[in-house]
Amino acid sequence: MTRPSATTAPAPKSSPSPSASASTGRSWTADQMPPQHGRRVVITGANSGIGFEAALELARHGAAIILPARSEAKAADAIRRIRAAVPAADLTPALLDLASLDSVRAFAAMVEERFPGPSLDLLINNAGVMALPRREITEDGYERQFATNVLGPFALTALLFPRLKPIAGTRIVTLSSIAAHGGKIAFDNLQGERAYSPLNGAYTQSKLADLIFALELQRRLGAAGSPIASLAAHPGIAVTNLQANLKGIYKLLGPLLMPLIGHSARQGALPELFAATAPEALAGGYYGPNGIREIKGDPAPAKLPPASTDCALASRLWTTAEQLTGIRFDVGG
Ligand SMILES: NC(=O)c1ccc[n+]([C@@H]2O[C@H](COP(=O)([O-])OP(=O)(O)OC[C@H]3O[C@@H](n4cnc5c(N)ncnc54)[C@H](OP(=O)(O)O)[C@@H]3O)[C@@H](O)[C@H]2O)c1
């Protein structure tokens with residue numbers, strides 16, 4: 001393992017199995033993040049919620065950040081807010097709609113043109129959407145939550161993979177959720193084509209798929225002898241814009257209960273920041289808050305849903321994502 005230095009985040013320790021997470025031992029705050037100077041980061045969904053808080057902390061610690069959003073105005077606004085706190089921040093605005101494979105391709109092409117060669121140290125697949133009330137179909141013909149939360153990040157990771165530095169310390173972090181525990185990968189209803197359930201169906205499936213993807217990616221990186229590490233994180237329950245689509249009782253009680261039950265976006269960003277930068281984080285590790293039911297608290301190893309470690313399921317999902325995106329993702333070359 002490389003030592004922490006001013007320019008290189010320490011490589012995550014290798015985990016013999018994805019479930020073999022180490023205890024962090026003490027509470028971790030963003031103040032403990034190693035210096036990020038010289039590191040270039042792509043973080044999706046950084047104009048809002050926990051992604052914004054994560055980008056802010058990474059900028060505070062010296063990282064150069066490529067900050068894609070769904071509109072120029074959203075990217076510019078996030079950059080303005082980060083610069084208000086970190087005037088010297090190195091921030092590159094960009095456009096990205098994860099629900100459009102053309103947009104993902106265009107973003108990856110922009111990164112290749114502006115930052116050629118292996119130029120990235122960290123990719124955080126943070127963006128997501130939850131509980132769209134009606135089944136929406138994207139321009140590519142896929143259900144929007146599956147497209148945004150699963151196919152887009154899969155395609156983005158595959159297309160940016162050649163841009164990731166093949167050195168110890170390079171990390172890919174993917175956001176899952178405690179909702180993954182209620183998820184099921186329904187290959188006969190992947191797009192909600194037979195039955196569409198916004199939250200306990202489409203969303204929980206997508207977040208389980210994110211976790212499966214992160215763990216399978218680490219297995220493949222390990223098998224290929226790659227020094228790049230894949231990790232996963234979840235924020236517990238954090239008050240953000242994610243809950244905007246909730247309906248019924250959730251919508252009524254959400255604004256009252258969420259701040260009581262959950263924690264702030266700033267606190268919710270810590271598990272992904274821990275996975276992205278902490279020397280103690282393990283390759284193949286999964287991190288979330290350490291409180292009751294992992295709803296809030298300090299970053300710590302999170303409980304894996306049994307389905308997330310099913311290798312046959314993971315392999316089938318990977319192949320399905322390759323077929324649906326038309327992008328072959330071979331980490332070996
Ligand atoms: N908050 C929680 O309690 C919670 C719990 C478990 C997991 N998570 C996960 O945490 C991550 C961040 O969510 P958050 O809570 O911070 O919610 P948020 O405030 O709504 O932020 C979500 C971000 O994702 C972006 N996004 C949505 N659809 C996109 C698309 N098609 N293309 C590109 N970007 C898109 C949003 O952009 P716009 O501003 O344009 O919409 C926004 O920047 C998500 O993956 C979510 O599933 C959150």
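Is Ser119 buried or exposed? Ser119 is buried, with a relative accessible area of 14%; "buried" means under 20% relative accessible area, "exposed" over 50%, and "partly exposed" in between, using a 1.4 Å probe and the protein chains only. Before going on, keep in mind that this is a predicted model, where local features need pLDDT of at least 70, side-chain atom pairs count only at pLDDT 80 or more, and totals for chains, interfaces and linings use all residues. Residues are numbered from 1 along each chain as its sequence is written, and side-chain values use heavy atoms, with hydrogens and water left out.

**Around Ser119**

Ser119 sits in the loop between α3 and β5. Helices here are DSSP runs of H or I with at least four residues, strands are runs of E with at least two, and both are numbered from the N terminus. A polar atom of the Ser119 side chain is 2.7 Å from the backbone oxygen of Phe115. Not counting residues up to four places away in sequence, Ser119 touches Arg40, Arg163 and Lys165, where a contact means heavy atoms within 4.5 Å.

**The ligand site**

Now for the ligand. It is surrounded by 28 residues, and the closest are Asn47, Ser48, Arg70, Lys74 and Thr240. A residue makes that list if one of its heavy atoms lies within 4 Å of the molecule.

| Residue | Part with the N or O atom | Distance to a ligand oxygen |
|---|---|---|
| Ser48 | side chain | 2.6 Å |
| Asn126 | backbone | 2.7 Å |
| Ala238 | backbone | 2.8 Å |

On its own the ligand has 890 Å² of accessible area, and the protein covers 93% of that. Those areas come from the Shrake-Rupley method with a 1.4 Å probe; for residues, only the protein chains shown count as cover. Helices α1 (49–60) and α5 (198–223) are the elements that give two or more residues to the shell around the ligand. Sorted by class, that shell has 11 nonpolar, 13 polar and 4 charged residues. Here Ala, Val, Leu, Ile, Met, Phe, Trp, Tyr, Cys and Pro count as nonpolar, Asp, Glu, Lys and Arg as charged, and the others, Gly among them, as polar.

**Cores and helix α4**

What are the residues with the most contacts inside the largest nonpolar core? They are Phe107, Leu160 and Phe329, in a core of 45 residues. A nonpolar core is a set of buried Ala, Val, Leu, Ile, Met, Phe, Trp, Tyr and Cys residues joined through side-chain atoms within 4.5 Å. Elements giving two or more residues to this core are α3 (101–114), α4, α5 and α9 (311–325), and the largest share, 9 residues, comes from α4. Leaving aside neighbours within four places in sequence, Phe329 is in contact with Phe154, Thr157, Ala158, Phe161, Phe213, Leu217, Trp318 and Glu322. Another core lies apart from this one; it has 44 residues, among them Met33, Leu56, Ile124 and Leu175.

Helix α4 (residues 144–160) also holds Asn149, which is buried at 1% relative accessible area. The side chains of Asn149 and Ser206 are joined by a polar contact of 3.0 Å. Beyond four places in sequence, Asn149 touches Gly128, Val129, Tyr203, Ser206, Lys207 and Asp210.

In helix α5 you'll find Ile212, also buried, with a relative accessible area of 1%. Beyond its neighbours within four places in sequence, Ile212 is in contact with Ile185, Ala307, Ser308, Leu313, Ala314 and Leu317.

Most residues other than glycine have a negative phi. Ala131, though, has a positive phi near 60 degrees. Ala131 lies in the loop between β5 (122–125) and α4 and is buried, at 3% relative accessible area. Glu294 is not a glycine either, and its phi is positive at about 60 degrees. Glu294 is in the loop between β9 (286–289) and β10 (299–301), and counts as buried at 14% relative accessibility.

Finally, look at Leu282 in strand β8 (residues 282–283), a buried residue with 6% relative accessible area. Leu282 and Pro12 are 270 residues apart in sequence, yet 4.8 Å apart in space, C-alpha to C-alpha.

Methods: A polar contact is a pair of N or O atoms within 3.5 Å; within protein, one must be able to donate a hydrogen and the other to accept it, and residues adjacent in sequence count only if both atoms are side-chain atoms.
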